Amino acid sequence: MTSVELIGKLREKFGAAIQDVCELTPSKVRVEVAPASVVPVCEALYRDLGARFLITAGIDSRAVRGCFDVDHIFSLDPDKMFVIVRASVPPERATLDSITPRVPAAFWAERELYDVLGVKAEGHPDPRRLIMPDDWPEGLFPLRKDVKYGDWPAVGGENADASYPWKPAPEGTSTVVVGPFFPVLEEPAQLRLYVDGERVVDCDYRGFYSHRGIEKMGDSALTYNEIPFVAERICGICGFIHSSCYCETAEEAMGIRAPRRARYIRSLMLEVERIHSHLLWLGIAGHIIGFDTVLMQAWRVREPIMWLCEKITGNRKTYGMNLVGGVRRDIPKEVQPELLEVVDKIEKETVAIVNAVIGDTVLKARLSGVGMLPEEKAKELAVVGPTVRGSNLPLDARVDHPYAAYDEIPPKVITHPDCDNWARVVVRLEETIESIRWIREGLKQMPDGPIMASDIPEDIPPEQWGVFVVEAPRGEAIHYVVTGGDNRPARWRVRAPTYQNLQALPYLIEQETIADVPITLGSMDPCFSCTERTEIINVRSGESKVLDQQELLRLSREATERLRGR
Amino acid sequence: MAISDALKKLFPKSLWVYHVNVGACNGCDIEVINVLTPYYDAERFGIKLVSSPRHADVLLVCGPVTRQVLPSVKRVYEATPSPKLVFAIGSCACGGGIWHDSYNILGGADKALPVDYYIPGCPPRPEAILYGVAVALGLAPKKAAPVHTKQKFLEMLEKGEVPGPQLVAPPGDSE
């Protein structure tokens, strides 16, 4: 299906409700619809045309067009197309019908829309606060343009004692509180497990402890070329994907393209990052289930990659390589033999670890059949990355929406049919080996030439836009840029992969035992074992018991030991 | 008595450290873990990562303090038995870093806890983290003396009694 056919289909079905169409490229279309028709249009895209929900971006366009714009971004993977459904709502009545009942993956996105912009999703099944801290005053929406940068409410205001409205525990269950501090996690987060005996019946999640307000910085305090450096600091593990994704997006909005060599360098660094991230994850996953040898070995193998990154970029992490229009540093010819040498060494050692892990019957027994996520459910929740590929769906942004140099060297998409924790482990291990292959191939085919585009426009007109996805080690990251005045975007929207994956957590751990929760969480590579304390409150007897984190880790490890003894 | 001598007296045995992420991007966190893995192996100095603040002597704080995390991190500090030390690890924990003026950020770790030592870097190298802890405990000598700036110089500068700083082109950049 081409974009013309798609628009034809939508016009045929919805007629005058399709108010305007803006085609950026043949693969990126923005459709403006009447606010009343948002739900049917999104449903038609999702149910009938097989589109996958990515994210919602709300834009305060009151100064330009006197309205709030709400952009629901979808991806049509087989057709390599992005479709944005835009509805404009008047400021005096900032509400829009919720698409969550029809498109379940929009669950968090619409909660966030209200938190940051104050556009209410009418009919949302769970309109609680998601992003903003508990003590944030009601009715203050940071992404509105009339909220001046730096003019923030003081801590300890009217809502100082507010606490999160947790879901009430289902009858007959006990509550296990996990977090908010975990030792090896992107963000502190709190999880409440509602358990009946050992079985998890339901759970509730309060995250965004490390929300840093980066999108507001992007449209008020930074310039186009400062953002890549801040974007890189969204995540200290896979930061390069964020700066690459932002740069590709901004380049598209400005109508330029980075030179080929720069795109190869981006891809190479992205693959290097994937290797180090997957090895890091493998170590942590081993630690959770009591294989500390895996932790030590995986991190030992990973270390030369960090040294290599330092040699190429000047820093072990947060490379500072990307700028809009290209990269700042070349990969010099002298470093290339060393790069290959390191890659050879890592390949040899990684293969040894992979064989040891895959051949370990205890590990397999511990992980198989736990944290099941069937294909259908994975599709519905729109999970991404190894989590979705472990459910046998070949979704990979490098192939579906090629960026950087992946259009010239497509990687092999690795899937696994088991749909459980074991599948997600195997997918990551095989991807590490595939990344090594890509680096060799990429170095061989890397062309000579400039590393920075020469046609960067002096003035960037407002209201241009671009959208890109980049396959991070954890799944696809999405950046959406709408240009504005003052040499900075009017809106810069970021969605990290864990945002979508974590929404699948309640489904994954339902009916599992408490001992399986850490590794199931770990199999998605966000975070795990709680650090602060674990409190078990028995609802029926009113008894309360405080466990520390070791208790949870011990439960997880004992489950492994039991299998070993079998 | 120098502080390092006092510390030797207060913490004569192995240091148990507890790692707190108060809103970090994970860059510092993975370097903290890295310090414990074979190439750096902090355990040979008796430094051990523990999983409860109640067991810890030292808190390693990473990241800028967010509003949401503030009450929790204060509770972690209270749960740590005295005597205790707090290390701010990374640029964000040292002063808020690039996020210092954002709406959800209160600033560096010292906005929430009394910080004893600062280890800057984005992220600090594992060697830097080890070195910082070793210097604090008097295991390694300090290599840099603290720089004391004097207000008087600024006054003289304003009055024009001393020449101000001049821009010098980097070598190789001149015509």
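**Ground rules**

This is a predicted model; local features need pLDDT of at least 70, side-chain atom pairs count only at pLDDT 80 or more, and totals for chains, interfaces and linings use all residues. Residues are numbered from 1 along each chain as its sequence is written, chains are lettered from A and ligands numbered from 1 in the order in which they are written, and side-chain values use heavy atoms, with hydrogens and water left out.

**Stop 1: domains of chain A**

Colour chain A by domain: domain 1 (1–145), domain 2 (173–211 + 496–566) and domain 3 (214–493). These bounds come from an automatic or database domain assignment. Now show domains 2 and 3 of chain A; their C-alpha centres lie 28 Å apart. Domain 2 puts 31 residues into the contact and domain 3 puts in 36. Contact means heavy atoms within 4.5 Å.

The buried area here is about 2,900 Å², with 61% from carbon and sulfur atoms. Buried area is the accessible area (1.4 Å probe) that two parts lose on being put together, summed over both.

How many salt bridges are there between domain 2 and domain 3 of chain A? The count is one. A salt bridge is a side-chain nitrogen of Lys or Arg within 4 Å of a carboxyl oxygen of Asp or Glu. Select Asp516(A) and Arg366(A): they form a salt bridge, with the closest N and O atoms 2.6 Å apart.

On the domain 2 side, the elements giving two or more residues are helix 16 (497–501), helix 17 (505–509), helix 18 (517–523) and helix 19 (549–565) of chain A. Helices (H or I, at least four residues) and strands (E, at least two) are DSSP runs, numbered from the N terminus. Helix 19 of chain A gives the largest share of that side, seven residues.

**Stop 2: a pair that spans the sequence**

Select Asp204(A) and Arg128(A). Their salt bridge has its closest N and O atoms 2.8 Å apart. Asp204(A) is in strand 10 (residues 199–206) of chain A and Arg128(A) in the loop between strand 7 (120–122) and strand 8 (174–178), so the pair ties together parts 76 residues apart in sequence. Both residues are buried. Buried means under 20% relative accessible area, exposed over 50%, partly exposed in between (1.4 Å probe, protein chains only).

**Stop 3**

Move to Glu434(A) and Arg437(A). This salt bridge has its closest N and O atoms 2.9 Å apart. The two are three residues apart in helix 15 (residues 421–445) of chain A, so about one helical turn separates them. Glu434(A) is buried at 7% relative accessible area. Arg437(A) is partly exposed at 34%.

Next, select Glu271(A), Arg274(A), Arg389(A), Asp396(A), Arg398(A), Glu431(A) and Glu471(A); salt bridges that share partners join them into one network. Within it, Asp396(A) pairs with Arg398(A), closest N and O atoms 2.9 Å apart. Asp396(A) is buried at 1% relative accessibility, and Arg398(A) is buried at 3%.

Centre on Arg389(A), in helix 13 (residues 386–389) of chain A. Is Arg389(A) buried or exposed? Arg389(A) is buried, at 0% relative accessibility. Leaving aside neighbours within four places in sequence, its contacts include Leu395(A), Val413(A), His416(A) and Val427(A).

**Stop 4: chain A against chain B**

Show both chains. Here 56 residues of chain A are in contact with 44 of chain B. The buried area is about 4,500 Å², 58% of it from carbon and sulfur atoms. Three salt bridges are counted between the chains. Select one of them: Arg67(B) with Asp135(A), closest N and O atoms 3.3 Å apart.

**Stop 5: Phe87(B)**

Finish in strand 5 (residues 85–89) of chain B, at Phe87(B). Phe87(B) is buried, with 1% relative accessible area.
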